[in-house]
Amino acid sequence: MGELDVRPATTADLDAMWTIFQAVIAPGDALPFDEHFDRDTFRDHWFGAHAAWVAERGGEVVGMYKMGANHAGRGAHIASATYAVAPAAQGRGIGRRLVEHSLQRAREAGFRGIQFNYVVSTNAAAVELYRRLGFDIVGTLPGAFRHARAGWVDAHVMFKTLDRPATEPEQ
């Protein structure tokens with residue numbers, strides 16, 4: 001199967017990333033994007049203000065994430081991220097590896113925490129993975145997600161405090 005390499009995404013990865021993204025949003029059960037989210041918007045979204053990373057195995061991009069500040073200014077010390085794994089590669093630890101990689105990158109960048117603003121409650125694999133990695137559900141948005149099959153389902157806000165950077169002054 002080959003070793004999994006997580007590396008910075010480049011525009012040369014755009015086609016593979018777009019293919020993964022389309023496959024992940026098509027069922028309408030995990031991410032808040034719909035079929036009207038076009039390729040140009042995707043490119044701007046994933047290669048904009050946030051850093052984008054891909055997971056590659058055997059020369060094939062099989063997953064990706066983007067991470068950056070959840071908000072500017074006084075909220076810039078909290079990160080946020082979005083992940084996607086190719087459906088054919090799911091269940092093989094790629095998502096976990098991407099989340100772990102993003103946590104390390106967030107710590108290195110000096111973020112004090114990481115927040116996921118919109119985790120679909122019925123996406124049990126994602127909720128369980130995040131919980132195993134130390135995230136807590138800190139809020140629930142009732143009926144906030146229009147699930148393609150289940151109708152209106154809740155979305156969770158999940159949060160994890162990160163270790164304080166060694167260079168940060170004591171308060």
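1. Aromatic cluster. In this predicted model, one aromatic cluster is formed by Trp18, Phe21, Phe33, Phe37, Phe42 and Trp46. Two of its members, Phe21 and Phe37, are both buried.

2. Aromatic pairs. The count of aromatic pairs comes to 15. One of them joins Phe21 and Phe37, whose ring centres are 5.3 Å apart; with the planes at 45°, a value between the limits of 30 and 60 degrees, the pair is tilted. Phe21 sits in helix α1 and Phe37 in the loop between α1 and α2, so that this pair links distant parts of the chain, 16 residues apart.

3. Phe116 and Tyr130. These two residues also form a tilted aromatic pair, with 4.6 Å from centre to centre and 50° between the planes. Because Phe116 belongs to strand β5 and Tyr130 to helix α4, the pair ties together parts 14 residues apart in sequence. Phe116 has 4% relative accessibility and therefore counts as buried. Tyr130, at 10%, counts as buried too, since the limit is under 20%.

4. Largest pocket. The space in the largest pocket is about 990 Å³. Its lining holds 41 residues, and those closest to the pocket centre are Leu31, Tyr83, Asn123, Ala126 and Tyr130. Sorted by class, the lining comprises 23 nonpolar, 12 polar and 6 charged residues.

5. Second largest pocket. Here the space is about 260 Å³. There are 15 lining residues, and Gly28, Pro32, Phe33, Asp34 and Arg146 lie nearest the centre. Phe33 is also a member of the aromatic cluster in point 1. Strand β6 (residues 136-147) gives the most to this lining, with 4 residues. The class counts for the second largest pocket are 10 nonpolar, 2 polar and 3 charged residues.

6. His45. This histidine is placed in helix α2 (residues 39-46). Is His45 buried or partly exposed? At 28% relative accessibility it counts as partly exposed, because the value falls between 20% and 50%. Leaving out residues up to four places away in sequence, His45 touches Phe33, Phe37 and Lys66. Of these, Phe33 and Phe37 belong to the aromatic cluster. Lys66 is 21 residues from His45 along the chain, and the C-alpha atoms of the two are separated by 9.0 Å.

7. His156. Strand β7 (residues 151-161) contains His156. With 11% relative accessibility, His156 counts as buried, the limit being under 20%. Which side chain does His156 join through a polar contact? The partner is the side chain of Thr140, at 3.0 Å. Thr140 is also among the residues that His156 touches when residues up to four places away in sequence are not counted; the others are Phe116, Asn117, Tyr118, Val119, Ser121, Val127, Ile137 and Gly139.

Definitions and conventions
Residues are numbered from 1 along each chain as its sequence is written. This is a predicted model: local features need pLDDT of at least 70, side-chain atom pairs count only at pLDDT 80 or more; totals for chains, interfaces and linings use all residues. Side-chain values use heavy atoms; hydrogens and water are left out. Helices (H or I, at least four residues) and strands (E, at least two) are DSSP runs, numbered from the N terminus. Buried means under 20% relative accessible area, exposed over 50%, partly exposed in between (1.4 Å probe, protein chains only). A polar contact is a pair of N or O atoms within 3.5 Å; within protein, one must be able to donate a hydrogen and the other to accept it, and residues adjacent in sequence count only if both atoms are side-chain atoms. Contact means heavy atoms within 4.5 Å. On a 1 Å grid over the protein atoms alone, a cavity is a set of points where a 1.4 Å probe fits but cannot get out, and a pocket is an open set with protein on both sides within 12 Å along at least five of seven lines; lining residues have an atom within 4 Å of a point. Grid points are joined across faces, edges and corners, and a volume is the space filled by probe spheres set on the points. Ala, Val, Leu, Ile, Met, Phe, Trp, Tyr, Cys and Pro count as nonpolar, Asp, Glu, Lys and Arg as charged, and the others, Gly among them, as polar. Rings of Phe, Tyr and Trp (its six-membered ring) pair if their centres lie within 6.5 Å; planes under 30 degrees apart count as stacked, over 60 as edge-to-face and the rest as tilted.
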